[in-house]
Amino acid sequence: MGTLLPLQPFVVVFVLFTSFRGINSSADPHLMSIPKDLYHSSDALLKEIKAMVVRHPDTLAMETMEAGNKGYAAEILVVTYNRQMKSANDKSMCRILLSFGQHGRELITSEVALKLLSVLAEEHNMDPMSSDKVLDNLLIKVVPMENLNGRKLVEAGDLCERRNGRGVDLNRNWGVDWGKKEKDYDPYEENPGTAPFSEPEAQIMRQLAKSFQPHIWVNMHSGMEALFMPYDHKNTTPNGPMSNLMELLLREVNHLHFQDKCLVGSGGGLVGYLAHGTTTDYMYDVAKVPMAFTFEIYGDSEASSKDCFKMFNPIDKGAFDKAVSKWSAALLTVFRLGLSQLSDDGNFTTSADLSKWVPIGGEVIDGSLVGDDKESKMDGLALGLQDMRNYFRLFLLSSVLLMFMFCSRISKSKYRQTNLT
Ligand SMILES: [Zn+2]
């Protein structure tokens with residue numbers, strides 16, 4: 001990547017790997033608690049989004065997806081933006097999947113989701129694209145709060161909690177390179193779960209990705225300011241033209257919205273540690289999403305490592321408003337650039353056609369969950385089966401060829417014999 005590593009991410013990384021378990025801001029007057037005048041509660045935020053969808057039935061729709069196992073249940077609200085009300089299979093549509101709030105303590109990300117939706121619904125007019133055709137060609141699914149159960153724990157005072165409602169990091173529960181632990185592994189931060197996709201939230205998100213087959217995926221986080229692309233589990237970016245396009249897009253977004261101040265490149269290469277079992281690596285490697293990103297939208301590297309709210313979220317109105325509007329605008333630029341880069345004569349390739357871009361990723365481990373076996377095994381085996389099918393075709397072809405040569409030789413020799421006699 002050739003990008004130099006500034007000091008700031010190291011500070012953040014150090015802080016990230018410090019255990020925060022059990023810190024309750026209400027117990028320590030020096031620690032920041034959630035500023036209620038700036039941030040919505042999870043209930044209020046979801047309620048506001050639902051009301052917005054009801055106000056705009058012409059462009060917005062919503063569904064709630066549910067899953068659960070072993071006495072633990074999760075539900076995720078998914079909002080769909082489709083201005084032209086075109087079919088999801090329409091080849092002229094660019095499909096975009098966005099997730100916010102995968103980590104409980106990163107409240108600011110869900111506030112960006114709310115703002116972005118209000119811009120798309122044209123309740124806020126900050127959109128420079130509304131006059132052109134870009135929005136007409138987008139089909140966007142927004143997950144405003146992926147980890148509602150974890151977020152509830154944060155709201156109850158555990159401001160350092162990033163994991164889900166039963167202590168699993170949802171950004172370590174996916175199948176690519178799952179379960180590998182670095183030397184400084186801290187289960188209170190990065191617990192990958194008992195198996196890939198052991199968590200209902202990850203199962204829902206995978207299902208969503210499989211049915212929707214997005215062309216662009218963005219996972220919104222906070223803790224620093226960065227525009228990441230694969231990989232997280234190794235310190236390189238994928239090979240091939242799509243990787244170059246992704247990097248080009250990120251550099252342009254960085255230039256247009258952040259005065260080139262964000263880190264740009266592979267998550268694993270720039271954060272300073274490798275992350276295994278992440279959503280973005282899976283989206284790129286297995287779900288074959290051509291453009292898969294993780295954005296880190298805010299971080300206060302000077303905050304005390306105990307002061308989680310301050311580390312991951314702006315605490316004054318100026319910084320809050322700036323983060324929310326800047327990142328909403330940046331996402332709109334991602335849509336515009338992605339649309340122009342991925343479109344081929346106005347059409348978008350499906351992920352099946354994208355198999356030619358298969359990169360060399362990490363090891364894919366299958367989940368083995370009750371009622372989920374078949375599906376997760378299909379994920380892991382899909383690549384191998386494709387190879388086997390190709391080998392089988394080759395084998396059949398060569399067998400037919402050999403048979404043909406053999407038969408023609410026999411008939412020739414018979415012909416020769418009959419002539420000789
Ligand atoms: Zn995060």
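At what angle do helix 3 and helix 11 pack, and how far apart are their axes? In this predicted model, helix 3 (residues 107-120) packs on helix 11 (residues 317-342) at an angle of about 60 degrees, and the axes are 9 Å apart. An angle counts as roughly perpendicular from 65 to 115 degrees and as roughly parallel under 35 degrees. Helix 3 and helix 11 are therefore oblique to each other. The crossing of helix 3 past helix 11 is right-handed. Helix 3 contributes I108, E111, V112, K115, L116 and V119 to the contact, and helix 11 contributes A323, V324, S325, W327, S328 and L331. Sorted by class, the contact of helix 3 with helix 11 holds eight nonpolar, two polar and two charged residues.

Helix 3 also packs against helix 2 (residues 42-55), where the axes come within 11 Å and cross at roughly 15 degrees. That makes helix 2 roughly parallel to helix 3. The crossing of helix 2 and helix 3 is left-handed. From helix 2, the residues L45, E48, I49 and M52 meet S110, L114, L117 and S118 of helix 3. The contact of helix 2 with helix 3 divides into five nonpolar residues, two polar and one charged. As background, an α-helix has 3.6 residues a turn, so residues three or four places apart point the same way.

Helix 3 itself has 14 residues. From its first C-alpha to its last, helix 3 reaches 21 Å, close to the 20 Å expected at 1.5 Å a residue. Is helix 3 mostly covered or mostly open? Helix 3 is mostly covered, with 13 of its 14 residues buried. After helix 3 comes E122, whose phi is positive, near 65 degrees.

**The chain as a whole**

The secondary structure of the protein chain comes to 12 helices and eight strands. The protein chain has 421 residues, of which 45% count as buried. Of the contacts in the protein chain with a separation of 6 or more, 80% are between residues 24 or more positions apart.

**Backbone geometry**

Most residues other than glycine have a negative phi, and most peptide bonds are trans.

| Residue | Phi |
|---|---|
| E122 | near 65 degrees |
| D177 | near 65 degrees |
| Q213 | about 45 degrees |

D177 sits in the loop between helix 4 (148-155) and helix 5 (187-190). Is D177 buried or exposed? D177 is buried, because 27 other C-beta atoms lie within 10 Å, and a residue needs 20 or more for that class. Q213 belongs to the loop between helix 6 (200-212) and strand 5 (216-221). Q213 is partly exposed, since 18 other C-beta atoms lie within 10 Å.

Which residues does a cis peptide bond join? The cis bond is between P230 and Y231, with omega about 5 degrees. Y231 lies in the loop between strand 6 (225-229) and helix 7 (241-258).

C94 is placed in strand 3 (residues 94-100). C94 is buried, because 21 other C-beta atoms lie within 10 Å. Leaving aside neighbours within four places in sequence, C94 is in contact with N137, L138, H215, G338, L339, L342 and F348. C94 and L135 are 41 residues apart in sequence, and their C-alpha atoms are 9.6 Å apart in space.

L274 is located in the loop between helix 8 (267-270) and helix 9 (279-285). With 19 C-beta neighbours inside 10 Å, L274 counts as partly exposed. Which residues does L274 touch, not counting residues up to four places away in sequence? L274 touches E182, D232, H233, K234, N235 and G268. The C-alpha atoms of L274 and K234 are 6.0 Å apart in space, while the two residues are 40 residues apart in sequence.

How values were computed
Residues numbered from 1 in each chain as written. Predicted model: local features only at pLDDT ≥ 70, side-chain atom pairs only at ≥ 80, totals over all residues. Axes fitted to C-alpha atoms, helices over the stretch in contact; angles between N-to-C directions. Helix = DSSP H or I, 4+ residues; strand = E, 2+ residues; numbered from the N terminus. Parallel < 35°, antiparallel > 145°, perpendicular 65-115°, else oblique. Left-handed = near helix turned anticlockwise from the far one by under 90°. Contact = placed C-beta atoms within 7 Å. Nonpolar A, V, L, I, M, F, W, Y, C, P; charged D, E, K, R; others polar. Expected span 1.5 Å × (residues − 1). Buried ≥ 20, exposed ≤ 12 C-beta atoms within 10 Å, placed from the backbone.
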